[in-house]
Amino acid sequence: MEITPIPIDKTDPNVKEFQRIDSNKDGQLTFTEFLLSDGPFLEHQSRRFHGFDVNGDGVVTKKEFEDYFKKLEKYKRRSDMFFNKFNRDRRDPFQASFFDSFPKNPQEESRELSGGPLHNPSMVLL
């Protein structure tokens, strides 16, 4: 019985990764290919940047950066208030009266933050 060898480039994850990064398939990696190899990370960073850049001028000022985190802190406080009230009152959060003591129109804050770089407050700067 004859065994057909499997080429190393079909099974070795390091070789497969090299081949994936080598976008022009010339057998070598340029610095640009290496940097651009992590598309999901670059997309994530792009979303973060554009979320900070409120006026869309391609520059994030210190004020834009600070304002974003002030909004994030306000959003976090609202979330904490919800869970603290839930735990304190031990009431059913699905009853309309549970929400009576919360500020009205929280969608505005959610909209302000949803387009921002940090959809998840636990992901504050990586």
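## Terms and source

A residue is called buried when its relative accessible area is under 20%, exposed when that area is over 50%, and partly exposed in between, using a 1.4 Å probe and protein chains only. Glu 66, with a relative accessible area of 37%, is therefore partly exposed.

This is a predicted model, in which local features need pLDDT of at least 70, side-chain atom pairs count only at pLDDT 80 or more, and totals for chains, interfaces and linings use all residues. Residues are numbered from 1 along each chain as its sequence is written, and side-chain values use heavy atoms, with hydrogens and water left out.

## Overall make-up

The protein has six helices and zero strands. Both kinds of element are DSSP runs numbered from the N terminus: helices are H or I runs of at least four residues, and strands are E runs of at least two. Read from the N terminus, the order is α-α-α-α-α-α.

The protein has 126 residues, and 17% of them count as buried. A contact means heavy atoms within 4.5 Å. Among contacts with a separation of 6 or more, 40% join residues 24 or more positions apart. The protein exposes about 9,900 Å², of which carbon and sulfur atoms supply 59%. Accessible areas come from the Shrake-Rupley method with a 1.4 Å probe, and for residues only the protein chains shown count as cover.

## Helix H4

Helix H4 covers residues 39–52, which is 14 residues. The expected span of a helix is 1.5 Å times one less than its number of residues. For H4 this gives 20 Å, and the end C-alpha atoms are 20 Å apart, so the two values agree.

The buried residues of H4 are His 44, Arg 48, Gly 51 and Phe 52. Seen down the helix axis, these buried residues fall within an arc of 100°, so they line one face of H4. The arc is taken from the directions that run from the helix axis to the C-beta atoms.

## A nonpolar surface patch

Phe 18, Leu 29, Phe 31, Phe 34, Leu 35, Leu 36, Phe 41 and Leu 42 make a nonpolar surface patch of about 790 Å². Patches are made of residues with over 30% relative accessible area and no salt bridge; like charges are joined within 9 Å, and nonpolar side chains (Val, Leu, Ile, Met, Phe, Trp, Tyr) within 5 Å.

Helix H3 (31–36) and H4 each supply at least two residues of this patch. The largest share, four residues, comes from H3. Leu 42 is placed in helix H4, and Leu 42 is partly exposed, with a relative accessible area of 36%.

## Salt bridges

Side chains of opposite charge can pair when their charged atoms come close. A salt bridge is counted when a side-chain nitrogen of Lys or Arg is within 4 Å of a carboxyl oxygen of Asp or Glu. The structure holds three salt bridges.

One of them joins the side chains of Arg 20 and Glu 17, at 2.8 Å from N to O. Both residues lie in helix H2 (residues 13–21), three residues apart, about one turn of the helix. Arg 20 is partly exposed at 47% relative accessibility, and Glu 17 is partly exposed at 36%.

Helix H5 (residues 62–89) holds Lys 62 and Glu 66, which are four residues apart and so are separated by about one helical turn. Their side chains meet in a salt bridge of 3.9 Å, N to O. Lys 62 is exposed, at 66%. Asp 67 and Lys 63 also lie in H5, four residues apart, about one turn of the helix, and their salt bridge is 2.8 Å, N to O. Asp 67 is partly exposed at 24%, whereas Lys 63 is exposed at 55%.

## Two loop residues

Lys 25 is in the loop between H2 and H3 and is exposed, with a relative accessible area of 58%. Most residues other than glycine have a negative phi. Lys 25 is not a glycine, yet its phi is positive, about 55°.

Ser 37 is in the loop between H3 and H4. Is Ser 37 buried or exposed? Ser 37 is buried, because its relative accessible area is 17%. Leaving aside neighbours within four places in sequence, Ser 37 is in contact with Arg 20 and Ile 21. The C-alpha atoms of Ser 37 and Glu 17 are separated by 9.5 Å, while the two residues are 20 residues apart along the chain.
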